[in-house]
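Here are a few exercises to work through with the model open beside you. Try each task before reading its solution.

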Amino acid sequence: MTPEELSAAIRTALTEAVAAGDFAVDVPAEIRVERPRNRDHGDWSTNIALQLAKGAGMPPRDVAARLAERLGRVAGVKAVDIAGPGFLNITVDAASAGELARSIVEAGAAYGSNDSEAGHVINVEFISANPTGPLHLGHTRWAALGDAMSRLLKTSGATVTTEYYINDAGAQMDKFAASVLASAKGEPTPEGGYPGAYVDDLAAQALTVRPDLLELPADEALAAARSVAYDAQLQDIKDTLADFGVHFDVWFSEAGLHESGAVEQAVDRLREQGHVFDEGGAIWLRTTDFGDDKDRVLIRANGEPTYFAADAAYYLSKKDRGFDEKIYLLGADHHGYINRLKAIAACAGDDPEHNIEVQIGQLVNLGGAKLSKRAGNIIELRDLISWIGTDAIRYSLSRYPADSTLSLDGEELRKQTNDNPVFYVQYAHARTSNVARLAGEDGVVRGDGFDPSLLTDPTEASLLAILGDFPRIVAQAAHLREPHRVARYLEDLSGHFHKWYDTCRVRPMTADEEITDLHRTRLWLNDATRQVLANGLDLLGVSAPDRM
């Protein structure tokens, strides 16, 4: 019996109770069931009686008693107990519990998918690094978490667009272009410019694309160096992210906002909303009306737009493109942006508590990492991938809340031991694959039989229980934007699987032992575990190896 089937059974019992006049309540469209923390309290628990007691006009335990009587007659329900103020604890028989194994295998990659976030249209912006250098350790956390969060939201029914905001406007791009041109000329890096061997590489590319670069007038040479270096560096960022398993639906150019006139249009639109004022020759947005610590300049007295003006135009662009909810994932030094962005939403006529969400990721310290030979003063993501591997980095960053400061040991992440969480989970998947492979060689075929009533060992009950909890974990992790819940679940699942593996055999003990439905049914359970491990790892952007 799956959680969905049990939820439907409870709803049917509730509908029958209302029809029989036991009490009068509106029957919810969906009834939630959860795993009790203590398995002695049954397989599943629901607080529906507490939810409906007030409307029913009776104590929760009385509502629970009427539901318990009806649920006790449902096929597959072994026992229904009333606990505490009115919780219903439900135990299903072995056959009903074991059916979950077949349900998971048949659902395949879709198991865990749910519609808890259906109807939400969300834009998720993360990383958004300047295209003036390679991606580094500071970008890595949001690359892992932002991608995992987006996968979770999609799996939970949301319509999600991932977006990278290219900060390709402003003074830093001028310094970048000047640095590349200086290198091409064999000159020192300009004051405040970008040093590093990667700049020399970009200069060499610029000379290859534009052999006449050094003969051009100064303005033309600077523009040409900027164009070639920008394209090359942005492609490097895209290639690095692809190696990290991260792909964006939209690459949005800040420069494009200015070139299209969107910044000026945004100022006009916000003025129409009544929140723009002129003072000291500058144009301001009155963000203090909505919790910001001070009002913000949109257009300076010299007529130049500020970064804040571009932020406002960018927010309006997302709104115009139909994104009802906008999630910004920002670095540890961006706390000041929270009130500013929420104030922009409010000034645009939106609800800052609904239409915008800002999360701040804390710093990561990775022991043993070496500074980039190309960039000199940073730890490059590309080097981390080569040193540790995408799987270990992504999993390790995904298993902690974003707001926790992290100190990781690179050499520990490389170890293939059970003390390394990513190895522990991947090894569990590889072991399930090995069991299935060897069982097939022994002639154990899933399709030859399935009798879930045979799954009576305590380790089988525990394994089935945690497998059944996967959809809830996925929905919860999506709603709370917390991928670490999936990682911790996978580690717990791996532990339950290893205990079952040590206790229950899928394969015959000897070559002449008869293959029975117990072997076949346990193979179903093994393969169900493999599927859930694979599905969970995929949500984190981590591979599920068949051999290790």
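**Exercise 1. Find which elements line the largest pocket, and describe that lining.**

Solution. Start with the elements: α5 (137-155), β9 (296-299), α11 (307-320), β10 (325-330) and α12 (337-347) each give at least two residues to the lining of the largest pocket. Helices (H or I, at least four residues) and strands (E, at least two) are DSSP runs numbered from the N terminus.

Before going on, a word on the ground rules. This is a predicted model, where local features need pLDDT of at least 70, side-chain atom pairs count only at pLDDT 80 or more, and totals for chains, interfaces and linings use all residues. Residues are numbered from 1 along each chain as its sequence is written, and side-chain values use heavy atoms, with hydrogens and water left out.

Next, the volume: the largest pocket has about 1,300 Å³. Of its 48 lining residues, S128, A129, N130, N167 and H334 are the closest to the centre. On a 1 Å grid over the protein atoms alone, a pocket is an open set of points with protein on both sides within 12 Å along at least five of seven lines, a cavity is a set where a 1.4 Å probe fits but cannot get out, and lining residues have an atom within 4 Å of a point. Grid points are joined across faces, edges and corners, and a volume is the space filled by probe spheres set on the points.

Last, sort by class: 25 nonpolar, 14 polar and 9 charged residues make up this lining. Here Ala, Val, Leu, Ile, Met, Phe, Trp, Tyr, Cys and Pro are nonpolar, Asp, Glu, Lys and Arg are charged, and the others, Gly among them, are polar.

**Exercise 2. Describe the second largest pocket and say which element gives the largest share of its lining.**

Solution. The volume is about 510 Å³. Of the 18 lining residues, E4, E30, N114, R472 and A475 lie nearest the centre of this pocket. Two or more residues come from each of α1 (3-19) and α19 (470-480), and α19 has the largest share, with 4. The classes split into 6 nonpolar, 6 polar and 6 charged residues.

**Exercise 3. Which residues line the largest cavity?**

Solution. The structure holds 1 cavity of 30 Å³ or more, and the largest cavity takes up about 60 Å³. Its lining consists of L137, T140, V364, L366, L384, I388, I393, S396, L397, L408 and L413. Of these residues, 9 are nonpolar, 2 are polar and none is charged. At least two come from each of α5, β12 and α15 (390-398), with α15 giving the most, 3 residues.
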